[in-house]
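Please consult the sequence and coordinates shown below alongside the text.

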Amino acid sequence: MTPPPDELVLVLSGGAVAPKAAEQYRLHYHPDRLGFAAAVNRGLADLGEDIEAVAVLNDDAVAAPGWLASLTAVFERRPNAAAVQGTIVSADGSSIDGRGIEFDRWSLPVQVDRGEPFSNDRGERPLVAVSGTACVYRMQALRQIALKGGEVFDETFDCYHEDLDLGLRLRRMGRIAVWTGGGPPVRHLGSASGSGFMWRHPWWVLANRWRALAGNLTPGTLMRAMPRLLRGELRAVNTLSRSNPRALPVAAATTASLPWLIFYGWLRSTSGPRLEAFPGSPL
């Protein structure tokens, strides 16, 4: 990675095997599976107070030289930026995997430009949130929105939409997320463990969306958007059921749990005033 970071922290859980070049990392082994949110929190907790920015790179993401420099340069131009990502592409580099997270017209969180042919466009634009697959955060901003126990990501999310929740929490503190183009893309090889979570995957996708929204919007904003949100839920279930037949019974469980998901989301106490409108422009 160019330039080389000051510190490299690698979190391994659930029997994951360290790479060959593991000696360059500060390693954290956890015999039990942590989940993305908890694993990143363990790595962040190991960083010194003098760290100004931290890059998060998933184990199925491959960054090219110059990636880190292109993202951190945005912090110098935009003092209000708390999170930055570039373009993430498919494993073969032919199509776009995502350029950040925005809400579509049904208030479903989607990856910007996913599936479009890759072109290394230049420019910058604000986002609702950056994808935890490959991004950079300003540490000062993360410390501002840390939860009561000091965690940055909400570990109850486990996987999926924990990056959306973090982006909304940053927005509540007046911070923004940014996509920047022109730098080297990151290749996303795709999850190698997703097939082992055929029941939990649709639950995380469906339930965590409600957790993120209820945890960051005012109750009035959420209730006014409810018809649109429920239509979006049907679209999400339809999409998930095409590849996972378990999505339908899980969707029924999510619907039955919806009052509790919303109630506990409203009870969560985090920094900054709750949002009175959906951020971003619907895609």
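In this predicted model, the side chains of Glu155 and Arg42 meet in a salt bridge, with an N to O distance of 2.9 Å. The pair links distant parts of the chain, 113 residues apart: Glu155 is in the loop between H3 and H4, and Arg42 is in helix H1 (residues 36-45). Glu155 counts as partly exposed because its relative accessibility is 30%, and Arg42 likewise counts as partly exposed, at 30%.

**Further salt bridges**

- A search of the whole structure finds 13 salt bridges.
- Arg143 and Glu49 also meet through their side chains in a salt bridge, at 3.6 Å from N to O. This pair, too, links distant parts of the chain, with Arg143 in helix H3 and Glu49 in the loop between H1 and strand E3 (53-57), 94 residues apart.
- With a relative accessible area of 36%, Arg143 is partly exposed, whereas Glu49, with 66%, is exposed.
- In a salt bridge between Arg209 and Glu233, the closest N and O atoms are 3.0 Å apart. Arg209 belongs to helix H5 (residues 200-216) and Glu233 to helix H7 (residues 226-243), so this contact ties together parts that are 24 residues apart in sequence.
- Are Arg209 and Glu233 buried or exposed? Arg209 counts as buried because its relative accessibility is 2%, under the 20% cut-off; Glu233 is buried as well, with a relative accessible area of 9%.
- A network of salt bridges links Arg99, Asp113, Asp121 and Arg125.

**Enclosed space**

- The structure holds one cavity of 30 Å³ or more, and the volume of the largest cavity is about 40 Å³.
- Which residues line the largest cavity? Its lining consists of Ser70, Leu71, Gly86, Thr87, Asn120, Thr180, Gly181, Gly182, Gly183, Pro184 and Pro185.
- Sorted by class, the lining of the largest cavity comprises three nonpolar residues, eight polar residues and no charged residues.

- Tyr160 is not a glycine, yet it has a positive phi of about 80°. Its place is in the loop between helix H3 (139-144) and helix H4 (162-172).
- His161, also not a glycine, has a positive phi of about 70° and is found in the loop between H3 and H4.
- Tyr160 counts as partly exposed because its relative accessibility is 34%. His161, by contrast, is buried, with a relative accessible area of 14%.
- The loop between H3 and H4 also holds Glu155, the partner of Arg42.

**Nonpolar surface patch**

- A nonpolar patch on the surface is formed by Trp260, Phe263, Tyr264 and Leu267, which together have about 490 Å² of accessible area.
- Tyr264, one of the residues in this patch, lies in helix H8 (residues 247-267).
- Why does Tyr264 count as exposed? The reason is its relative accessibility of 51%, since exposed residues are those over 50%.

Notes
Residues are numbered from 1 along each chain as its sequence is written. Side-chain values use heavy atoms; hydrogens and water are left out. Patches are made of residues with over 30% relative accessible area and no salt bridge: like charges are joined within 9 Å, nonpolar side chains (Val, Leu, Ile, Met, Phe, Trp, Tyr) within 5 Å. Accessible areas come from the Shrake-Rupley method with a 1.4 Å probe; for residues, only the protein chains shown count as cover. A salt bridge is a side-chain nitrogen of Lys or Arg within 4 Å of a carboxyl oxygen of Asp or Glu. Helices (H or I, at least four residues) and strands (E, at least two) are DSSP runs, numbered from the N terminus. Buried means under 20% relative accessible area, exposed over 50%, partly exposed in between (1.4 Å probe, protein chains only). On a 1 Å grid over the protein atoms alone, a cavity is a set of points where a 1.4 Å probe fits but cannot get out, and a pocket is an open set with protein on both sides within 12 Å along at least five of seven lines; lining residues have an atom within 4 Å of a point. Grid points are joined across faces, edges and corners, and a volume is the space filled by probe spheres set on the points. Ala, Val, Leu, Ile, Met, Phe, Trp, Tyr, Cys and Pro count as nonpolar, Asp, Glu, Lys and Arg as charged, and the others, Gly among them, as polar.
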